[in-house]
Amino acid sequence: MGAGLVVISPQLPAALAEMKAKLKLDFPLLHDFGSAYAARLGIAMTVPGDLAAIYAKFGIDLPVANGDGAWRLPVPSRWIVDGAGIVRDVFDDPDYTVRPEPAETVAKLRAIV
């Protein structure tokens with residue numbers, strides 16, 4: 001269909017490169033320092049203190065992992081943007097366990113091709 005996939009994450013470039021190699025990913029993983037791009041899109045969120053405490057119990061230190069000193073993350077999102085740069089569809093949900101099914105994404109792509 002001529003579509004491509006890009007992942008944008010606040011994780012440090014070295015961690016993204018490691019994940020790309022480990023999982024043998026063949027699409028770009030881009031670094032969004034401080035979730036600045038996510039903020040411009042209106043999808044950056046500060047992790048509440050109680051959730052940060054839970055993350056810490058699991059050894060997750062976002063300020064270190066992201067290299068920006070902040071407890072910020074983008075809301076998990078899927079954006080479909082056409083070749084002219086027009087946003088055709090957005091799916092986001094602050095609950096990281098809620099994600100669109102790949103088949104749904106393919107159906108959305110077929111609808112705009």
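Which residue forms a salt bridge with Arg-88? The partner is Asp-82, and the closest N and O atoms of the pair are 2.7 Å apart. A salt bridge here is a side-chain nitrogen of Lys or Arg within 4 Å of a carboxyl oxygen of Asp or Glu.

The structure is a predicted model, in which local features need pLDDT of at least 70 and side-chain atom pairs count only at pLDDT 80 or more, while totals for chains, interfaces and linings use all residues. Residues are numbered from 1 along each chain as its sequence is written, and side-chain values use heavy atoms, with hydrogens and water left out.

## Overall architecture

The protein has five helices and six strands. Helices (H or I, at least four residues) and strands (E, at least two) are DSSP runs, numbered from the N terminus. From that end, the elements follow the order β-α-β-α-β-α-α-β-β-β-α. Along the principal axes, the C-alpha atoms fill a box of roughly 45 × 30 × 25 Å. Of the 113 residues, 24% count as buried; buried means under 20% relative accessible area, exposed over 50%, and partly exposed in between (1.4 Å probe, protein chains only). Among contacts (heavy atoms within 4.5 Å) between residues at least 6 apart in sequence, 44% join residues at least 24 apart.

## Strands 5 and 6

Strand 5 and strand 6 pair in the antiparallel sense over five bridges; two strands pair if DSSP finds at least two bridges between them. They form a hairpin with five residues between them, and Gly-85 in the turn has a positive phi of about 85°.

Ser-77, in strand 5, counts as partly exposed because its relative accessibility is 32%. Its bridge partner in strand 6 is Asp-92. Leaving aside neighbours within four places in sequence, Ser-77 is in contact with Ile-43, Phe-91 and Asp-92. Ser-77 and Pro-94 are 17 residues apart in sequence, and their C-alpha atoms are 8.7 Å apart in space.

## Salt bridges

Side chains of opposite charge can pair when their charged atoms come close.

| Salt bridge | Closest N and O atoms |
|---|---|
| Asp-89 and Arg-78 | 2.4 Å |
| Arg-88 and Asp-82 | 2.7 Å |
| Lys-108 and Asp-89 | 3.4 Å |

Lys-108 lies in helix 5 and Asp-89 in strand 6, so this pair ties together parts that are 19 residues apart in sequence. Lys-108 is partly exposed, with a relative accessible area of 32%, whereas Asp-89 is buried at 17%.

Asp-89 also forms a salt bridge with Arg-78. This pair links strand 6, which holds Asp-89, to strand 5, which holds Arg-78, across eleven residues. Both Asp-89 and Arg-78 are buried. Arg-78, Asp-89, Glu-104 and Lys-108 are linked in a network of salt bridges.

In the pair named at the outset, Arg-88 is partly exposed at 46% relative accessibility, while Asp-82 is buried, with a relative accessible area of 17%.

## The largest pocket

The largest pocket has a volume of about 1,900 Å³. On a 1 Å grid over the protein atoms alone, a pocket is an open set of points where a 1.4 Å probe fits, with protein on both sides within 12 Å along at least five of seven lines; lining residues have an atom within 4 Å of a point. The volume is the space filled by probe spheres set on the points, which are joined across faces, edges and corners.

The lining comprises 49 residues, of which Val-6, Val-7, Ile-8, Ser-77 and Arg-78 lie nearest the pocket centre. Elements that give two or more residues to this lining include strand 1 (7–9), helix 3 (49–57), strand 6 (87–92) and helix 5 (102–112). Strand 5 gives the most, with five residues. The lining divides into 38 nonpolar, seven polar and four charged residues. In this division, Ala, Val, Leu, Ile, Met, Phe, Trp, Tyr, Cys and Pro count as nonpolar, Asp, Glu, Lys and Arg as charged, and the others, Gly among them, as polar.

## A buried loop residue

Asn-66 is found in the loop between helix 4 and strand 4. Asn-66 counts as buried because its relative accessibility is 1%. Apart from neighbours within four places in sequence, the contacts of Asn-66 are Pro-10, Gln-11, Leu-12, His-31, Phe-33, Arg-72 and Leu-73.
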